[in-house]
Amino acid sequence: IQSLTDDNPYNPPGYADQMKKTFRSKEWEDVYIKGSWSALREIDQLIPYSALQSCVGCVPTRLGLRTGVVAIDTALMGDDECVLMYLSRNYLEETRVFPYVENSMTIVGEARQMKDKNRAMRYIVDSVGVGDGVAARLEEAEGVGMVKRIVGGAVPEEDFSNFRPPELTPKFANLKSQLWWYTRDMVLDRAVSFPKNADTMTLLGQLSSMKYNIKSDKSIQVET
């Protein structure tokens, strides 16, 4: 049965307005509210490439903590890239990419060097698989309070609500989906700044390749 969002009598009052504030995209509004499925070529694209480009070299609209964090996405033996990033005041200041790492202690050493060099206040670690060992070693060396563990399959956390009021907070399938949506909001707000260099173009391509879907329970799930 073809119908529009406003045709559904079971939607709560203001549901269409809530969707507009959630998706924050004229194209997505045309699709999900007006039923124009031809408005997008890739309806499941999470972050538009044009929005990412607008963040290159920009002054963030919101500034994070000056002391910054080191983010660690772990991988070993060429299974995937191992990536370390230093982010301060919502500026991406430094990125190191390791296509092939044999030992997780190498990741720990590189991360600690990046932290000391930039005087970062904390590590954020994707602590699934190899990342669990990396996080444990960093906790042992520098204290449990210095490490924020991220487990993608965990339940969403209030820390990453992006200051939305409860009635405008989307439902997420897991923490990974919530974090990616948080990143999307940051990009759309131009609240993050990427450096002007060749590596950034590769990063933007990777970020814009992420896809998502909306499950039957209306929760948002980001695909790897």
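Me: Which residue in β4 does Ala 71 stand opposite?
Reply: Ala 71 stands opposite Ile 124. Before we go on, this is a predicted model: local features need pLDDT of at least 70, side-chain atom pairs count only at pLDDT 80 or more, and totals for chains, interfaces and linings use all residues. Residues are numbered from 1 along each chain as its sequence is written, and side-chain values use heavy atoms, with hydrogens and water left out.

Me: OK. How many helices and strands does the protein chain have?
Reply: Seven helices and seven strands. Both are DSSP runs, numbered from the N terminus: helices are H or I with at least four residues, strands are E with at least two. From the N terminus on, the order is α-α-α-β-β-β-α-β-α-β-α-α-β-β.

Me: What share of the protein chain's residues count as buried?
Reply: 40% of the 224 residues. Buried means under 20% relative accessible area, exposed means over 50%, and partly exposed is in between (1.4 Å probe, protein chains only). The areas come from the Shrake-Rupley method.

Me: Back to β1. Which strands does β1 join?
Reply: β1 covers residues 69–73. Five bridges join β1 to β2 (residues 82–88), and these two run antiparallel. Four bridges join β1 to β4 (residues 122–126), and that pair runs parallel. For two strands to pair, DSSP must find at least two bridges between them.

Me: Which residues are bridge partners there?
Reply: Asp 73 has Val 83 in β2 as its bridge partner. Val 69 has Arg 122 in β4.

Me: In which sense do β4 and β5 pair?
Reply: Parallel, over four bridges. There, Tyr 123 has Val 147 in β5 as its bridge partner.

Me: New topic: charge. Which residues gather in the negative patch?
Reply: Asp 73, Asp 79, Asp 80 and Glu 81, on the surface. Asp and Glu count as negative, Lys and Arg as positive; His and the chain ends are not counted. Patch residues have over 30% relative accessible area and no salt bridge; like charges are joined within 9 Å, and nonpolar side chains (Val, Leu, Ile, Met, Phe, Trp, Tyr) within 5 Å.

Me: Why does Asp 73 count as partly exposed?
Reply: Because its relative accessibility is 34%.

Me: How many salt bridges does the structure hold?
Reply: Ten. A salt bridge is a side-chain nitrogen of Lys or Arg within 4 Å of a carboxyl oxygen of Asp or Glu. Side chains of opposite charge can pair when their charged atoms come close.

Me: Which side chain meets Glu 142 in a salt bridge?
Reply: Lys 115, at 3.1 Å, N to O. That pair links distant parts of the chain: Glu 142 is in α5 (residues 130–142) and Lys 115 in α4, 27 residues apart.

Me: Is Lys 115 buried or exposed?
Reply: Lys 115 is buried, because its relative accessible area is 11%. Glu 142 is partly exposed at 21%.

Me: And what does Glu 139 meet?
Reply: Arg 149, in a salt bridge of 3.0 Å, N to O. Those two also sit in distant parts of the chain: Glu 139 in α5, Arg 149 in β5 (residues 147–150), ten residues apart. Glu 139 counts as buried at 18%, while Arg 149 is partly exposed at 26%.

Me: What about Glu 157 and Lys 148?
Reply: Their side chains meet in a salt bridge too, at 3.0 Å, N to O. As for networks, salt bridges that share partners join Arg 112, Lys 115, Asp 116 and Glu 142 into one.

Me: Last thing. Where is Arg 89, and what is its phi?
Reply: Arg 89 is in the loop between β2 and β3 (91–98). Its phi is near 55°, a positive value in a residue other than glycine.

Me: And where is Arg 119?
Reply: In the loop between α4 (104–118) and β4. Arg 119 has a positive phi of about 55° and is not a glycine either. Its relative accessible area is 72%, so Arg 119 is exposed.

Note on methods
Accessible areas come from the Shrake-Rupley method with a 1.4 Å probe; for residues, only the protein chains shown count as cover. The place of a charge is taken as NZ of Lys, CZ of Arg, CG of Asp or CD of Glu.
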